Amino acid sequence: MATLREKRAELERSRDEALSQIGREEEFRRSGRAPLAGDLPEDLVRLYERSREQTGLGAALLRAGRCGACRLDLNASELNRVKAAPADEVIRCEECGSIMVRTEESGL
Ligand SMILES: [Zn+2]
């Protein structure tokens, strides 16, 4: 009887392991998807569409302190404003209204 009990305990253990493995994978999939969905909230998509209608270019990279849409250099106070803004804040060019996407090449 002892071996049967042991056998069952082992089966339960491997079942629990399998379940927790599935749980981890599920969690991983969820957390992997969440940032993507979070990157494009509805109001940002709307802002992008509006900006694209106005400027013909919804968003552009901010490169070396210059707006990628209108190619104008940001002045020092504008650069400081962008620099001080939190990473998740949407920055728009004061000249052309395009959404400026900050990267490591933004010169901030
Ligand atoms: Zn611009």
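**Reading a predicted fold**

Mentor: Of the 108 residues of the protein, 11% count as buried. A residue is buried if 20 or more other C-beta atoms lie within 10 Å of its own, exposed if 12 or fewer, and partly exposed in between; the C-beta atoms are placed from the backbone. This is a predicted model: local features need pLDDT of at least 70, side-chain atom pairs count only at pLDDT 80 or more, and totals for chains, interfaces and linings use all residues. Residues are numbered from 1 along each chain as its sequence is written.

Trainee: What is the mean pLDDT of the protein?

Mentor: First the term: pLDDT is the predictor's confidence in each residue, from 0 to 100. Here the mean is 82, and 82% of the residues reach 70 or more.

Trainee: Which elements have the lowest and the highest mean pLDDT?

Mentor: Helices (H or I, at least four residues) and strands (E, at least two) are DSSP runs, numbered from the N terminus. Helix 1 (residues 2-39) has the lowest mean, 70. Strand 2 (residues 66-67) has the highest, 95.

Trainee: Where does pLDDT stay under 50?

Mentor: Over residues 33-37. Two residues are in contact if their C-beta atoms, placed from the backbone, lie within 7 Å. For residues 33-37, the model has zero contacts beyond four places in sequence. Where pLDDT is low, the predicted coordinates should not be read in detail.

Trainee: What span should helix 2 have?

Mentor: The expected span of a helix is 1.5 Å times one less than its number of residues. Helix 2 (residues 42-55) has 14 residues and should span 20 Å. Its end C-alpha atoms are 20 Å apart, which agrees.

Trainee: In what order do the elements run?

Mentor: From the N terminus, they run α-α-β-β-α-β-β. That comes to three helices and four strands.

Trainee: How do the four strands form a sheet?

Mentor: Two strands pair if DSSP finds at least two bridges between them. Here the four strands form an open sheet in the order 2-1-4-3, with mixed pairing. Strand 2 and strand 3 (91-92) are the edge strands; each pairs on one side only.

Trainee: Which pairs are parallel or antiparallel?

Mentor: Strand 1 (residues 59-63) and strand 4 (residues 99-102) pair in the parallel sense over four bridges. Ala 59 has Ile 99 as its bridge partner in strand 4. Strands 1 and 2 run antiparallel, joined by two bridges. There, Leu 62 has Cys 67 as its partner in strand 2.
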